[in-house]
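User: Have a close look at one part for me, please: the packing on the inside. Take it step by step and spell out your cut-offs.

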Amino acid sequence: MPSKQRISTHKVIQKTVRERRDVDIMNTNDSSIVSKRSVSKLYFSNEPDFYEPFVSQKFLRRNPLINRGYWLRMHAIEQAVRQFLEEQNGKPKIIVNLGCGYDPLPFQFWHRYPSLTRGATFVDVDYPQLMERKRDRMLSNALLRDALLKTKLRSSPYPEPPVYLSSDGYMALGCDLKHLETLERALRAELNISTASILFVAEVSVTYMPVEDADALIQWASTLEDARFCILEQYLPQGREHPFAKTMLSHFDKLQTSIKAVKQYPSLPQQASRFRNAGWPTLTIARNLWDLWADDAFTPPALRHALDAVEPFDEWEEFALFGGHYFLLVASNTEQGKSTESVHDEGATTGCIKTTDAETISLQSWKQSTDAALTPRRFTAAFLLGKDTVVFHGGQGTQARLSDMDVVKRDDHNGHINIQPCDSLPPARMCHTITSMRNDEALLVGGRGSPTQACADCWLYKSGTWTKVDDLATARFRHCAVAITLGCGDTQFHGVLIFGGKASDGAALDDCSLWTADNGWHSIPVDGPRPSARFGAAMSAIESPQNWGGENGVVAGGIGADGTVIEDVWTWSISATPTPRLNFKDRTNDVRSSLASSEYARIGASLVPWKTSLLLIGGVSKKHIHSLSDDFLLLTCKDTTIEVQHPSMQLPPTWPLLVGVGAVSSSRDETVLAGGGAVCFSMGSYWNENPLTITSADTQGAKPWRAAPSLMSGTAGTEGTAQARTAETASQGGQVRPDTRKKPATSARITEIARVQVQSSHAFERLVATSRPVVIEGLDIGPCTDIWTLDYLKEKIGPERELVIHECSSDRMTFKDKNFQYIKKSVHNFLDGISQGSHAYLRAVSSSQPNKLPTRLEDDFPSLSDDFRIPDVCNIVKQNYHSSPLRISGPVSLWLHYDVLSNILCQIRGTKTLYLYPPSDVSYLDFPPGGSSSNTDVLTSKDAKLRRTHPHIAALKPGDVLFIPPMWSHTATPDEGVSVAVNVFWKGLASGYAAGKDVYANRDLQAYENGRRDVEKIVRAFRDLPVDVSRFYLERLGGEILERARRLGERKERE
């Protein structure tokens, strides 16, 4: 008896664990549906929202990488199902969605392809408890219920399990996919499968099953008379140690939903063999999603291009890593013989691999001490100082884009690192270039904030300091830049040549420009053909030993206007007489290589001089994921050929991810790398921790490279360091404009507010505790900065909705004179008016109770709220949230005022200048008793007392977040055109706020309101005394209060 009891208990425990795993697997469906809904709302906005009944939360817009990744998944399944439906075999079609979750595939096909789906039957299969919920949600939603009724829904909507819903065109089947007898019995009972063609679809579903159960399912499906099997799931093209694969596997393990098939069938050839061995003789498709993205027949160029019109996108390498780790395989049992699809073996390679007779190269990783760790950054830029020091600037950090620098030096280098404190530093950016020049000079060019905010500013690093130089004519990022040397002797000059890149509007560029210290930027004419427009290409000069730069070189790869990697190689040469001119030559047909594909064509790779050749490092190719050794290629240019070879590689034990790395040659046979990594879709991020060097394997006594600890928190732009404000250039580049901003008319000294980066909630709380304003760069406030155009706002808010706005007769609203009026205007009239120069301004109020409730974006503009988010580091804001007014302004200044609550002003569209005055200036700013709006127009007043104030200036651009502490008086003016922003107010004090409503976040504190009542009592106490006596004592009392205030100020300064 005890023995049986133990066995019974063991079975109960097993069952409980299995049930928990089943629930975990079902929960993956919830996340997937939220992401697919994001794709549907953005990219299929003209379709009904088939996902809404299955999503319990409000619409959540995913980031562009996840949107595009899920779009590609959905597109791949759609293509496979559509091609099946288009088969002309005279048989009825049945589509069985295995592990369907809440996916609305039938409804989408009925909507998109009504003629193709006529006579077809869709079968959804998943766990019984999930299918029961799905049935109930479909029947309770009018959109889905009406679609089902059109397929002649059975009179009894609740048939016996495992069938939960049935019609002529649809069946909901609740069945564990391990129970094949139940599955087949239900299909044969409800459908005539012996005379039909069946397509089984398994989109990231059977991979969660034990492999033996999944294999049994695949083999069972092949026994049906006329069947296809479409499977889309993860695989490991370069094995478990690839950084993306490692991150992906860890993610699913943490969720208790380990993906199992990859352990037994990690490669695509193994998956192909799996299906052939299970009775599927024909494979019509067996390719990864990144490969299918680049296939014009599968994903037409017009379709790829259309995606960019919906949502700006620049996560190309990360998109490739995702697509390269998911495959689509379609198998058929109706055609015997050879598969129509050849399966590419991407073959993981590790260790020391000898593939050619090329030289052996060593890749070494140099572990850093904890007190001098490198800042995680990707899409950084690197330059050389001397031969023993390399600097890595900017890039994307863990929380924000960076403006700081990491310095690494050779271990035996004892010299001084000459980086001086600078009043101005290049603002935060990524995807820029820094080109090393002679005499330890370097030129920083372009880059970007968001994908729609290309930078035009350029900076020269010289003698340890940064100096701003001429702007680019066209702002750009992901361009190529090389140092060049022309002429000889006294006529020799040096410069930087740039080619291509991407503009703020998403256009790929094909122009070339040359920068020299004497002449700045000039466009260079090109004789003959030139490479097509592209961004993310690799370019290098073939340098002579005597010079920095050269007169000729190579450019290869990049992504073109159609969104795929360009498979070509060009050489270039530049001549100086009589004026600089460029000549390109297409050498693609001259390439000699034993490689199976054009692996030299990549996006995001680095191309550096290596002895008498060029070394190509990292990036991603057009179709497949590289092994670590395949990340490196040697290109040797000869008169009639370009030889491409894999060097033999000696590799470190830990696999670095050579995406977004900074690379610079310290000599002809040594290259230093640092930074790099990627967001691994929704599964986490991977960062390279240590600097790497590439040297010849026969190099003796290679010295390690170490981070320089003295600069980790110095003046090179680390967290908390003031940054130079962005140059006032047009959004697409152009000439520097004169400063036309209104300034206070007095001669008070103006302090520029610091620009910083904040990468943690703790750091933000420390910043708030200082009670000083600061501009925070690089925070994620949502896609609003990219998509909130006036037309978008008009459509989303509703063109006919009425808003209460301020309308002014001049370009300055003054509170004292009330030279404005509150009027109601339609959104259409208001936005059209300010776009044409109307002096109008919206400070949103509550749409339900404007005199009682503060406004919140999510309540009063719900159609916009998903576009804006409070940055993750601002936890203190979220926890004490009060209101979030939307502000839209034409060319008009707002009067000076203060707010009692703390707030962050998030600039979304246009640029804006604010002047802020510290609380200690209050006595000079003419605030009426009990009022938070000043009677002084500080932009025009000549009042001498304003000379004693301490104005601070903040110049905001889209994406900037200005922290405005309580009681800091401020006025704001759009620099040109229209400004769009969102304020977020929060209660920063533990106590002291006045009881009752505070609609505008400016109700004075309870102590002040009480104090004003006490003042009235004090004045009344002297009313029976002579006036001069009353004044004598009242001024004494006033002096005592001022003295107490002064002492409080001194105490704070001492603290």
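Analyst: Two strands count as paired if DSSP finds at least two bridges between them; helices (H or I, at least four residues) and strands (E, at least two) are DSSP runs, numbered from the N terminus. This is a predicted model, where local features need pLDDT of at least 70 and side-chain atom pairs 80 or more, while totals for chains, interfaces and linings use all residues. Residues are numbered from 1 along each chain as its sequence is written, and side-chain values use heavy atoms, leaving out hydrogens and water.

Let's start with strand E35, residues 670–675. All 6 of its 6 residues are buried, meaning under 20% relative accessible area with a 1.4 Å probe and protein chains only. On one hand, E35 pairs with strand E34 (residues 661–667) in the antiparallel sense, over 6 bridges. Those two strands make a hairpin with 2 residues between them, and Ser667 sits opposite Glu670 of E35. E35 also runs antiparallel to strand E38 (residues 692–696), joined to it by 4 bridges. There, Thr671 has Ile694 in E38 as its bridge partner.

Now helix H14, residues 761–769. Its buried residues include Ser761, Ala763, Phe764, Leu767 and Val768. Why do they sit on the same side of H14? Because they cover an arc of only 160 degrees around the axis, taken from the directions from the helix axis to the C-beta atoms. On the other side of H14, His762 and Ala769 are exposed, that is, over 50%. The buried residues pack against strand E41 (755–756), strand E42 (774–776), helix H20 (875–879), strand E48, strand E51 (961–964) and strand E53 (979–986), with contact meaning heavy atoms within 4.5 Å.

A cavity here is a set of points on a 1 Å grid over the protein atoms alone where a 1.4 Å probe fits but cannot get out, and lining residues have an atom within 4 Å of a point. The volume is the space filled by probe spheres set on those points, which are joined across faces, edges and corners. By that rule there are 4 cavities of 30 Å³ or more.

The largest cavity holds about 160 Å³. It has 19 lining residues, and the closest to its centre are Tyr841, Arg887, Leu894, Lys912 and Ala972. E52 gives the largest share of that lining, 4 residues. By class, the lining splits into 9 nonpolar, 7 polar and 3 charged; Ala, Val, Leu, Ile, Met, Phe, Trp, Tyr, Cys and Pro count as nonpolar, Asp, Glu, Lys and Arg as charged, and the others, Gly among them, as polar.

The second largest cavity comes to about 130 Å³. Of its 14 lining residues, Met74, Ile77, Asp103, Leu105 and Gln108 are the closest to its centre. Helix H2 (64–86), helix H3 (105–112) and strand E5 (197–203) each give two or more residues to this lining, and H3 has the largest share with 4. Here the classes are 7 nonpolar, 2 polar and 5 charged.

How values were computed:
1 Å grid on protein atoms, 1.4 Å probe; cavity = no way out; pocket = protein on both sides within 12 Å on 5 of 7 lines; lining within 4 Å.
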